[in-house]
Amino acid sequence: MTDRISLEDHLAALEAPESLKAVLAAAARACVDIRGVVSDGALAGALGASGAVNVQDEEQKKLDVISNDILTDTLLVCPAVAAVASEEMETIQPADHAGDYLVLFDPLDGSSNIDINAPVGTIVSVLKAPTAAPNEADFLQPGRQQAAALYALYGAQTMLVLTTGSGVRGFTLSSDGRWLLTHDAITIDPDTKEFAINMSNQRHWSEGVQRYVDGVLKGVDGPRGKNFNMRWVAAMVADVHRILMRGGVFLYPWDRREPNKPGKLRLMYEGNPMAFLIEQAGGKATTDGTEAILDIQPEHLHQRIAVALGSANEIDAYASA
Ligand code: FBP
C-alpha cells in the first residue's frame, strides 16, 4: 500500500494553482472528518432529525448540520477560499479574508439513507472568485467554469473522486487516514444495460420518460433488444459512482408532483459537480437528454434541475425515446 500515490503527492505534481490545491486538500480533510462522524452514527448521537428545516424546506438531519459545519469551518480558514455556499445554508458565507476560490457543497448527499446505514456522500464544486469580496451573484457561474469538482462516498470503502479538468481519479481512504490513488483514469463505457431511476414516481413522469423506461423494461423482446438491470441507491453520489465504475444512466426527471419545479436535484452543488466529473470521464450530463448541465446559466443559488447523466449512447437513447 505504501507504493501508492497519495492525494498530497498527486496535488503536488498537479499543474494547477497552489491556491486550488490548498482548497482541494482542505475539502479532502473535511471529508475525512465527516466520514468519522458518519461511521460513528448512533454512537455519536448523530442519527435522526435535527429538528430544523433547511432552505430547501426539507427536514434537516443531525448529520446534515454536522457535516455542513465541518465543511464550512474547514474551508473558511483556508486562505484560498473567499466564500462558501451550501445546500444547508440559505445564503453564502464569506471568509474574513480575500481568496481565489468559491466553494459550494452538498455536505451530506443521500440524507434519507443516513438512519438506515445506506451509502451517503459529500459533493463539492469549486469556482474561481471573480472579486476579492464575493457576493451571491458571483457564485452564479455556469458549471463549465468550475476549476474542480469532487465527491466523497462513505460506502463499503470511503472514496474521494476528483477532477480538475484533466480526467477523473479515485482515491481510497486507508486505515491510517490517507487518501491513496486507486483509480487513475476513470472512464465511462458509452453503452450500458443498467439504469437508475426512482420507479415509484413512474405515474408522474412525462410521456417521453415513460416511453424510455417502458422500452428498457421490455428487455430483449422490446425495442432495445437487450435486457436491462435497475439500481436506485437514493444517494446521487453512490449512483454516480456506480456509473463511473461500470457505466449506466442516472435519471431524476421533472415530474407532475411539483410541476413548477424543473426537478428535485440542485444545479450548483449536485448537478454541476457531478456533470463535470461525468463529462471528464467521457459520459454525458444533461437535464433532458440534450441540454448540457454545464452550459446552464444559473439564476439563483438553490435552483433545481432535472438530471439525466451517464453512458453517452444511452443518454442519446433517452433523448430520442
Ligand atoms: P439530499 O441532498 O437532500 O439528500 O437529496 C438528494 C438525494 O438524496 C439524492 O442524493 C438522491 O439521488 C435523491 O435525493 C433521492 O431522491 P428520492 O428519495 O426521491 O428517491
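The structure is a predicted model, in which local features need pLDDT of at least 70 and side-chain atom pairs count only at pLDDT 80 or more, while totals for chains, interfaces and linings use all residues. Residues are numbered from 1 along each chain as its sequence is written, and side-chain values use heavy atoms, with hydrogens and water left out.

Helix α5 (residues 207-217) and helix α8 (residues 312-320) have axes that come within 8 Å and cross at roughly 125°, and the two helices are therefore oblique to each other. Here helices are DSSP runs of H or I with at least four residues, numbered from the N terminus, and axes are lines fitted to C-alpha atoms over the stretch in contact, with angles running from 0 to 180 degrees between N-to-C directions. Val209, Tyr212 and Val216 of α5 meet Glu314, Ala317 and Tyr318 of α8, where contact means heavy atoms within 4.5 Å.

Helix α6 (residues 236-246) packs against helix α7 (residues 267-280) at an angle of about 10°, with the axes 11 Å apart, which makes α6 roughly parallel to α7. On the α6 side, Met236, Val237, Val240, Ile243 and Leu244 take part, and they meet Glu270, Met274, Leu277 and Ile278 of α7.

The ligand is surrounded by 17 residues, of which the closest are Asp109, Gly110, Asn198, Met236 and Tyr252; a residue is counted if one of its heavy atoms lies within 4 Å of the molecule. A polar side-chain atom of aspartate 109 lies 2.6 Å from an oxygen atom of the ligand, and an N or O atom in the side chain of tryptophan 232 is 2.9 Å from a ligand oxygen atom. For glutamate 87, the corresponding distance from a side-chain N or O atom to an oxygen atom of the ligand is 3.1 Å.

Terms used. Parallel < 35°, antiparallel > 145°, perpendicular 65-115°, else oblique. Polar contact = N/O pair within 3.5 Å; in protein donor to acceptor, adjacent residues only side chain to side chain.
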